[in-house]
Amino acid sequence: MVSKRSSFCSGSATRAAACRSQVDLVTSQPVNTAKLERMLSDRGISRRRFLEFCGAVAVALGLSEAFAPSIQEALAEGIVGKAEGKLIPVIWLELASCTGCTESFAQVDTPDIATVVLELISLTYSETLSAGAGFSLEEAKEETIANGGHIVVIEGALMEGWDGNALRIANEKGTEIVKHAVSTAKAVICAGSCSVDGGWQAAKPNPGGAIGIQNYLQKAFDAGEISSIPPIINVPTCPANPEHLVAVLIEVLLLDRLPVLDRFNKPAQIFGQFIHENCPRRGHFENGEFVYQFGSEEEALGYCLYPMGCKGPQTKNDCPIVRWNRRVSWCVEAGAPCIGCAVSDPTTNKRNWVDLNSPFLKRFHSINIMNYVFQPATLAVAAAGLVVAALAVHGFGWKISGRFAGGAPIEKERAWDIRHPNKAVSTTMRKVAAKKDRVLNAQLIKEESEEKYFDSVSKAALASQAEGHLARQQANPEKASDTNDNTDQTQGGE
Amino acid sequence: MAHLAHYREAHPLPYVITHWINLLSMIVLAFTGFVIHFPFLPGIMGLCRGAHLFFACLVLVNMAFRIFSSPFIKSAPNMGTREKRQDMFVFLPQKDNRHQFGAWIKYYLFLKKDHPLSGKYGVPQKLAYLAVIPLTLFIAFTGFCLWVPTSDWLLMQFFTDLVGGVMAVRIIHYWTMWIMIIFVMLHVYLSIANGLAPLKMIFLWKEHGGLVYDPKTKNIIGEDDLGEEHA
Ligand code: SF4
Ligand code: SF4
């Protein structure tokens with residue numbers, strides 16, 4: 001795991017140095033830790049739980065659990081520092097969402113360490129979490145934006161529909177709120193799949209024009225509506241996993257650096273491996289032990305959920321390692337196939353994870369063409385069926401025409417050759433055509449055609465052609481013979 | 001007798017063998033692919049995954065051999081003749097086929113009564129066989145986009161992102177297989193449409209008498225009954 005840490009820091013030599021100095025810095029301040037522990041114990045959180053939490057954060061950051069004390073120090077420094085007003089402020093915007101991400105983050109009945117830490121972090125604006133409301137809250141937000149250098153966490157999709165009026169908050173369009181909030185921000189964290197790719201709201205038919213944040217900001221930038229796009233960190237899944245968010249927030253707020261991101265701006269450490277690679281049911285997969293029906297014996301035995309449409313083999317996330325609900329369990333462990341909630345692609349609005357993965361219990365997603373919804377297999381079998389039917393009809397005709405047994409007679413001359421005797425492929429044909437006298441030539445062809453087998457079409461063509469030659473020859477005898485000479489030369493060259 | 005004679009020269013032994021390998025691999029690949037897509041025979045899932053990869057590689061090697069050996073192996077570019085050329089000419093346009101595309105289509109659609117003259121492969125047949133080369137490469141490529149050890153190679157990743165993720169690649173891979181299946185159906189149908197002689201040739205390497213074609217004049221010049229009538 002230590003080697004993983006070094007790879008995490010390997011972006012550049014300076015970054016590695018920065019990592020080291022961060023660690024040096026934080027381990028030299030035990031005073032803050034003691035203060036933080038007192039603050040936490042006031043809120044009913046023991047030292048042991050806090051250390052466990054720091055260990056989990058370290059793992060989510062791609063560090064060894066041995067780095068828990070460093071995380072602890074970093075948190076302590078940041079949170080205690082907040083009391084002295086030094087922390088980067090955070091604005092949490094809730095757009096078109098089910099509040100599930102906030103909910104996943106801050107479950108009121110059992111306040112957990114992440115909640116407390118986030119409360120302590122300078123969350124200046126959150127519709128759901130903030131104690132204040134209304135005008136004073138909006139004012140605090142405005143102040144934060146005016147000061148700049150803050151972090152914007154966005155939960156939920158933006159809505160572009162009806163000229164942006166599909167989503168209005170505090171009498172303002174969601175699109176305007178986002179553009180304004182990010183204008184001076186240090187970074188944007190898209191929490192949950194809806195803010196990454198539009199999520200459920202953007203699933204077909206998407207009448208409200210839901211769109212992911214990265215995609216929207218890119219569009220706004222291209223249209224010249226904003227002058228720059230702050231760094232974006234996409235933390236998909238539905239809802240966002242609090243462990244992931246806390247890990248990213250700690251890295252950004254306290255260690256003051258961006259996580260290493262992949263090409264989708266997702267933290268590479270978290271979204272780097274397929275779920276299937278780390279799944280505890282993988283042994284059953286390898287042994288060919290599958291669940292085919294819920295409520296079956298196989299399900300009770302905890303077999304692999306592949307036939308139930310598990311998207312684990314094509315979804316990159318660390319669910320089997322970091323897990324959910326304070327590391328208690330996660331989808332597959334709880335008996336539900338992975339529905340691929342982390343596959344969000346922030347670079348396009350053409351597809352989102354819901355459309356990509358539904359129906360969730362099928363191996364393929366459905367295709368939707370002009371509101372006809374079908375499975376890929378249906379189309380394939382239909383196409384193949386059509387071909388079989390066509391071949392059956394054709395075979396019937398083939399049989400009736402007696403072509404199966406012995407086949408049709410082979411043409412004596414190519415039909416094209418007969419129409420173009422001078423340029424014929426077959427040399428026998430060309431010899432016939434090369435006869436000096438054009439009239440004779442045409443007649444020869446005609447005679448030839450009587451001898452050989454021709455179908456009626458070719459015969460008719462031949463007859464009319466012969467007549468044409470005769471007519472032309474009578475009208476312009478010299479020209480006709482010229483052409484014949486040329487043909488002869490070509491012939492000689494062969 | 002309306003057929004052209006089938007001589008071994010049309011299908012030299014190495015290509016009878018590559019054809020056998022193709023046939024077996026296709027069957028194994030399609031079958032194992034179906035099992036991997038949905039494990040209806042759970043017990044052999046692991047085996048199928050291994051076999052799928054192995055036969056995919058086999059098909060590729062086989063195809064590479066088929067193409068790259070063609071300048072060095074001679075075969076008859078026409079039915080009904082024992083005259084041989086480098087086999088690669090079979091891949092290239094042949095004079096025997098010139099202007100015959102329309103005639104073939106008309107023939108298949110019953111608009112033309114007599115069987116068109118052609119090279120070893122008729123025009124539509126040849127186009128279909130040539131199309132199988134890119135199709136095979138494509139289906140193998142999409143397969144390697146899905147196989148985890150190669151899935152994050154740059155080209156594979158680029159393609160996967162382009163089409164919209166792993167799920168999309170899976171569907172494309174699946175549909176391409178069906179295009180292959182449809183090709184095989186047409187191929188088999190058209191092969192037996194003129195009787196079983198071509199099958200005997202390609203699978204059992206058994207000759208069959210018939211009309212004789214002269215590659216020089218590009219015409220039928222006679223008939224060869226392989227001496228059977230007199231035996
Ligand atoms: S349950 Fe899903 S992720 Fe786990 S082994 Fe089976 S297919 Fe893979
Ligand atoms: S297991 Fe799959 S569906 Fe469940 S949270 Fe992880 S990525 Fe999402």
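Let me start with ligand 1. In this predicted model, the residues around ligand 1 are His276(A), Cys279(A), Arg281(A), Arg282(A), Phe285(A), Cys304(A), Leu305(A), Tyr306(A), Cys310(A), Gly312(A), Pro313(A) and Val332(A). Near, in this talk, means that one heavy atom of the residue lies within 4 Å of the molecule or strand in question. By class, that shell holds 8 nonpolar, 2 polar and 2 charged residues. Nonpolar here covers Ala, Val, Leu, Ile, Met, Phe, Trp, Tyr, Cys and Pro; charged covers Asp, Glu, Lys and Arg; the others, Gly among them, count as polar.

A word on conventions. Residues are numbered from 1 along each chain as its sequence is written, and chains are lettered from A and ligands numbered from 1 in the order in which they are written. As this is a predicted model, local features need pLDDT of at least 70 and side-chain atom pairs count only at pLDDT 80 or more, while totals for chains, interfaces and linings use all residues; side-chain values use heavy atoms, with hydrogens and water left out.

Next, chain B. Chain B has 8 helices and 4 strands. These are DSSP runs numbered from the N terminus, helices being H or I of at least four residues and strands E of at least two. In sequence order the pattern is α-α-β-β-α-α-α-α-α-α-β-β. The C-alpha trace of chain B spans about 60 × 35 × 35 Å along its principal axes.

How do helix 2 and helix 4 of chain B cross? The axes of helix 2 (residues 45-68) and helix 4 (residues 123-146) of chain B come within 11 Å and cross at roughly 150°. Axes are lines fitted to C-alpha atoms, for helices over the stretch in contact, and angles run from 0 to 180 degrees between N-to-C directions. Helix 2 and helix 4 of chain B are therefore roughly antiparallel. The cut-offs are under 35 degrees for roughly parallel, over 145 for roughly antiparallel, 65 to 115 for roughly perpendicular, and oblique for the rest. On the side of helix 2 of chain B, the contact (heavy atoms within 4.5 Å) is made by Leu53(B), Cys57(B), Val59(B), Leu60(B), Met63(B) and Ile67(B). Helix 4 of chain B contributes Ile133(B), Thr136(B), Leu137(B), Ala140(B) and Phe144(B). That contact of helix 2 with helix 4 of chain B comprises 10 nonpolar, 1 polar and no charged residues.

Helix 4 of chain B also packs with helix 3 (residues 101-108) of chain B, at an angle of about 100° and with axes 8 Å apart. That makes helix 3 of chain B roughly perpendicular to helix 4 of chain B. Here Phe101(B), Trp104(B), Ile105(B) and Tyr108(B) of helix 3 meet Val123(B), Pro124(B) and Leu127(B) of helix 4. This contact of helix 3 with helix 4 of chain B has 7 nonpolar, no polar and no charged residues.

On to the interface between the chains. The size of an interface is often given as the accessible area lost when the parts come together. Chain B and chain A bury about 5300 Å² between them, 60% of it on carbon and sulfur atoms. Buried area is the accessible area, with a 1.4 Å probe, that two parts lose on being put together, summed over both. In chain B, Phe110(B), Met167(B) and Tyr189(B) lose the most area to chain A, together 12% of what that side buries. The contact takes 55 residues from chain B and 57 from chain A.

Last, some backbone details in chain A. Most residues other than glycine have a negative phi, and most peptide bonds are trans. The bond from Lys204(A) to Pro205(A) is cis, with omega near 5°. Asn206(A), which is not glycine, has a positive phi near 50°. Asn206(A) sits in the loop between helix 11 and strand 8 of chain A. A cis peptide bond also joins Ser358(A) and Pro359(A), with omega about 0°.
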